[in-house]
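Take a look at the structure below.

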Amino acid sequence: MKVKASAPGKLMLFGEHAVVYGYPCIVTAVDKRLYVEAAISGKKEDEIISPQVKESRFVLESITHFKEKFAIQDSVKIETRGDFSHNVGLGSSSAVTVATFKALSSLFNKSLTLREIFDLSYQVTLEIQGLGSGFDIAAATFGGTLYFVAGGKTIEQLDGNKLSLVVGYSGVKADTPFYVRKVAENFKTRKSEIKNIFEKINNLVKLAKHGLLDKNYSRVGSLMNQNHKLLRKLGVSIPKLDEMVKASILAGAWGAKLSGAGGGDCMIALVPAEKKTSVEEAIKKVGGEIVDAINNAQGVRIEK
Ligand code: PMV
């Protein structure tokens, strides 16, 4: 018997970096998914076929944790496939981890609640990466658009509507741990300055939550612009992302910002529908690549 599970990738809407320090963020799941097919193999060793090489450790650790939890002896064969490459920064490691737990729970008929899948997956990623708030795991697990506090202390669905987003890939692979450490070092040496930036970001996240619930997109866009400025002050943006953000705003976006750790990966722009094409063109003109992604996607699920 084979089972197949999938989990969505994510985009950080507001609050990156500050979320690592206990402040809330807003993350949305996207319709680019990671698929995990699992079967009992009858072989001695587990077998993982994961062309997205970066993910095999996440799969391996998830299998180990799952087997330990349910005292399972059988070996499994796992194959993974993705709608997106791990280079883009949409959270393929988190999605593959979450989808692996879901696939195994279905394969061995062991029930795992979404909260348990979140907790197990977060533990696996912490063991491998040593840091992270778990916002990406939450998006992969629960889907939708979430108001999230590190470790899952708060996970609140924001009544989801699809946003008119344009996603631009900078062409540069971001090194998330490097930028998280960089902020941590600055936090040590310039504590009150950095804390002040986090407080301001915290304030924006709270306003953005209401803006999203009220569907007040011009307001949300302006908050995105402010969030981007604060991320620049934190020292995590790069000229390419700044150019893409600026080009989007000039082309009529309500607002734009980098999304994630910074240093590369993607930026997002919130746009009135009639400006979508011109914003996309403007991003391409400065060297960005458009990523077709629809937000507010469903969380982890079994694929028929
Ligand atoms: O680079 P990404 O997309 O994995 O985003 C990292 C976001 C941080 O807040 C910087 C780290 C975290 O785990 O929350």
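The text starts at the ligand and then turns to the cavity.

This is a predicted model. Begin with the ligand. The ligand sits in the largest pocket. Around the ligand are 13 residues. Lys10, His17, Ser133, Thr176 and Ala261 are the closest of them. Sorted by class, this shell has six polar residues, five nonpolar and two charged.

Start with Lys10. A polar atom in the side chain of Lys10 lies 2.7 Å from an oxygen atom of the ligand. Move on to Ser133. Here an N or O atom of the side chain is 2.6 Å from a ligand oxygen. How much of the ligand does the protein bury? On its own, the ligand exposes 380 Å², and the protein buries 92% of that area.

The structure holds one cavity of 30 Å³ or more. The largest cavity has about 50 Å³ of space. Which residues line the largest cavity? The lining includes Thr145, the residues Leu158, Asp159, Gly160 and Asn161, and also Leu163. Leu212, Leu213, Asn295 and Asn296 line the largest cavity too. By class, the lining of the largest cavity divides into five polar residues, four nonpolar and one charged.

How values were computed. Residues are numbered from 1 along each chain as its sequence is written. This is a predicted model: local features need pLDDT of at least 70, side-chain atom pairs count only at pLDDT 80 or more; totals for chains, interfaces and linings use all residues. Side-chain values use heavy atoms; hydrogens and water are left out. A residue is near a molecule or strand if one of its heavy atoms lies within 4 Å of it. A polar contact is a pair of N or O atoms within 3.5 Å; within protein, one must be able to donate a hydrogen and the other to accept it, and residues adjacent in sequence count only if both atoms are side-chain atoms. Accessible areas come from the Shrake-Rupley method with a 1.4 Å probe; for residues, only the protein chains shown count as cover. On a 1 Å grid over the protein atoms alone, a cavity is a set of points where a 1.4 Å probe fits but cannot get out, and a pocket is an open set with protein on both sides within 12 Å along at least five of seven lines; lining residues have an atom within 4 Å of a point. A molecule sits in a cavity or pocket if more than half of its atoms lie within 2 Å of its grid points. Ala, Val, Leu, Ile, Met, Phe, Trp, Tyr, Cys and Pro count as nonpolar, Asp, Glu, Lys and Arg as charged, and the others, Gly among them, as polar. Grid points are joined across faces, edges and corners, and a volume is the space filled by probe spheres set on the points.
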